[in-house]
Amino acid sequence: IISAKAALIEQLEVTLFNTDGRIQLHQSFNAYTGFQDLRIPVIQLPAGFYLYEVKLNGIVYRGKFGKE
């Protein structure tokens, strides 16, 4: 789950990469004014570590997570 806060109605992009840098998932969402939680479907991904990138309002947020 990704929590985001948008000031206006904006386009939000989420990209997941494996540890080799290959894109495993890319999705776009409409982010509405205020806070919201987005559910990203990772059930189809194999176990391992992943990097994520979230783009909102010209700002890029990056992080990582593990899936068992």
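The following legends describe close-up views of a predicted model.

View 1. Four strands form an open sheet in the order 3-2-5-6, and their pairing is antiparallel.

**View 2. The pairing of strand 2 with strand 5.** These two strands run antiparallel and are joined by 7 bridges. Within this pairing, Leu16 has Tyr52 of strand 5 as its bridge partner.

**View 3. The largest nonpolar core.** This core has 12 residues in all: Leu12, Val14, Leu16, Leu25, Phe29, Ala31, Leu38, Ile40, Leu45, Tyr50, Val54 and Leu56. At least two residues of this core come from each of strand 2, strand 3 (23-31) and strand 5 (48-56). In soluble globular proteins, nonpolar side chains tend to be buried together.

View 4. Asn18 belongs to strand 2 (residues 10-18). Its relative accessible area is 15%, so Asn18 counts as buried, the cut-off being under 20%. A polar atom of the Asn18 side chain lies 2.9 Å from the backbone nitrogen of Arg22. Not counting residues up to four places away in sequence, Asn18 touches Gln24, Phe49 and Tyr50.

**View 5. The contacts of Tyr50.** Tyr50 is one of the residues of the largest nonpolar core. With neighbours within four places in sequence left aside, Tyr50 is in contact with Phe17, Asn18, Gln24, Leu45, Gly63, Lys64, Phe65 and Lys67. Among them, Leu45 also belongs to that core.

Methods:
Residues are numbered from 1 along each chain as its sequence is written. This is a predicted model: local features need pLDDT of at least 70, side-chain atom pairs count only at pLDDT 80 or more; totals for chains, interfaces and linings use all residues. Side-chain values use heavy atoms; hydrogens and water are left out. Buried means under 20% relative accessible area, exposed over 50%, partly exposed in between (1.4 Å probe, protein chains only). A polar contact is a pair of N or O atoms within 3.5 Å; within protein, one must be able to donate a hydrogen and the other to accept it, and residues adjacent in sequence count only if both atoms are side-chain atoms. Contact means heavy atoms within 4.5 Å. A nonpolar core is a set of buried Ala, Val, Leu, Ile, Met, Phe, Trp, Tyr and Cys residues joined through side-chain atoms within 4.5 Å. Two strands pair if DSSP finds at least two bridges between them.
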